[in-house]
Amino acid sequence: MTNSSRLRIIRIVASAVLLVALAAISSAQERPPAAVQMSKAYGLDSFGQVEKIRFTFNLEFPGLKLARTWEFEPKTDQISYEGKDKDGRPVKLTYNRSRLGSESDAVKNEIEPAFTNDEYWLFFPLHVAWDTSAKVTDEGLQKLPQGEGSAKRVVVKYPSDGGYAPGDTWELYVGEDHQVKELVYHAGAPGVQKRPNLLAVTWTGHKKAGPLLISTDHVGTADGKPVRVFLTDVAVKVTGSDGWIDAK
């Protein structure tokens, strides 16, 4: 075989490998139109304007009531937290996710997993676009699990390994206005986060915070028990402005 023949074969093989890799990336990033329109309705295209966002995550569940306040800078990954530790003592701290390895065990094992959980309630319609490892499918028009009427059922399935909560499946019921009406959550494999096996809640209380649309109230059941998750004191700072814009 001549050198030129070898080079041609190498180029063919390299091109084939590249095409397979690009196809895999494209496949991972593909989203059905219903999912894309939903993410855009919640501010996907304008998220780059957000410099800071603050919110308080509130949970009411039989025998449990908690509130955690966060301030997040998406472009620097800096997070400020105010709440309580696992022993109920007040905590107020700031850390950076990019340097998580140098933080205390409490930040790595308690605070950061809590933030990941809470910001999913804030941003989940955007995570459907951001989390390219998740498989997203449009299951068509389905009856709402709790309310009357029907909506498009968009299913988001995460890989069975990696992350704080591997293998989770989220079912989003998306209306004609591209807003989520209800959510059903199925826990996957055991992970760092303690979570219900089955959660079904409304996705209501929509408010605008700068360029973002945020659902602030979620009522339903977790493993058959009543639960409410709600977000308060939501506000953003956008590029070119020093003032906070409250969610309204």
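In helix α2 (residues 33-41), which residues are buried?

Author: A word on the basis comes first. This is a predicted model, in which local features need pLDDT of at least 70 and side-chain atom pairs count only at pLDDT 80 or more, while totals for chains, interfaces and linings use all residues. Residues are numbered from 1 along each chain as its sequence is written, and side-chain values use heavy atoms, with hydrogens and water left out.

The buried residues of helix α2 are A34, A35, M38 and S39, where buried means under 20% relative accessible area, exposed means over 50% and partly exposed lies in between, for a 1.4 Å probe and protein chains only. Helices (H or I, at least four residues) and strands (E, at least two) are DSSP runs, numbered from the N terminus. These four residues lie on the same side of α2, because they cover an arc of only 130 degrees around the axis; the arc is that of the directions from the helix axis to the C-beta atoms. The buried residues of α2 pack against helix α3 and against the strands β5 (135-143), β6 (150-157), β7 (169-174) and β8 (180-186), a contact being heavy atoms within 4.5 Å. Just after α2, G43 takes a positive phi of about 105 degrees.

For the setting of this helix, the chain has three helices and 13 strands, and 40% of its 248 residues are buried. Among contacts between residues at least 6 apart in sequence, 46% join residues at least 24 apart.

A nonpolar core is a set of buried Ala, Val, Leu, Ile, Met, Phe, Trp, Tyr and Cys residues joined through side-chain atoms within 4.5 Å. The largest one holds 54 residues, and I53, W70, F124, V156 and L172 touch the most other members. Of this core, 11 residues come from α3, the largest share. Leaving aside residues up to four places away in sequence, V156 touches F124, V128, A134, K135, V136, D168, T169, W170 and L172. A second, separate core has five residues, including L144, A151, V184 and A200.

Helix α3 also holds P113, which counts as buried because its relative accessibility is 5%. P113 and Y164 are 51 residues apart in sequence, yet their C-alpha atoms are 6.8 Å apart in space. Between L100 and E112, 12 residues apart in sequence, the C-alpha to C-alpha distance is 8.6 Å.

On a 1 Å grid over the protein atoms alone, a cavity is a set of points where a 1.4 Å probe fits but cannot get out, a pocket is an open set with protein on both sides within 12 Å along at least five of seven lines, and lining residues have an atom within 4 Å of a point. Grid points are joined across faces, edges and corners, and a volume is the space filled by probe spheres set on the points.

The largest pocket has a volume of about 1,500 Å³. Among the 46 residues that line it, R68, N117, Q193, K194 and R195 are the closest to its centre. Helix α3 gives the most to this lining, with nine residues, and β1 (50-61), β2 (64-73), β3 (78-84) and β12 (225-238) are among the elements that each supply at least two. By class, the lining of the largest pocket has 25 nonpolar, nine polar and 12 charged residues; here Ala, Val, Leu, Ile, Met, Phe, Trp, Tyr, Cys and Pro count as nonpolar, Asp, Glu, Lys and Arg as charged, and the others, Gly among them, as polar.

One cavity of 30 Å³ or more is found in the whole structure, and the volume of the largest cavity is about 30 Å³. Its lining consists of Y42, L122, F123, P125, L126, L212, L213 and I214, with two or more residues given by each of α3 and β11 (212-222). The share from α3, four residues, is the largest, and the lining has eight nonpolar, no polar and no charged residues.
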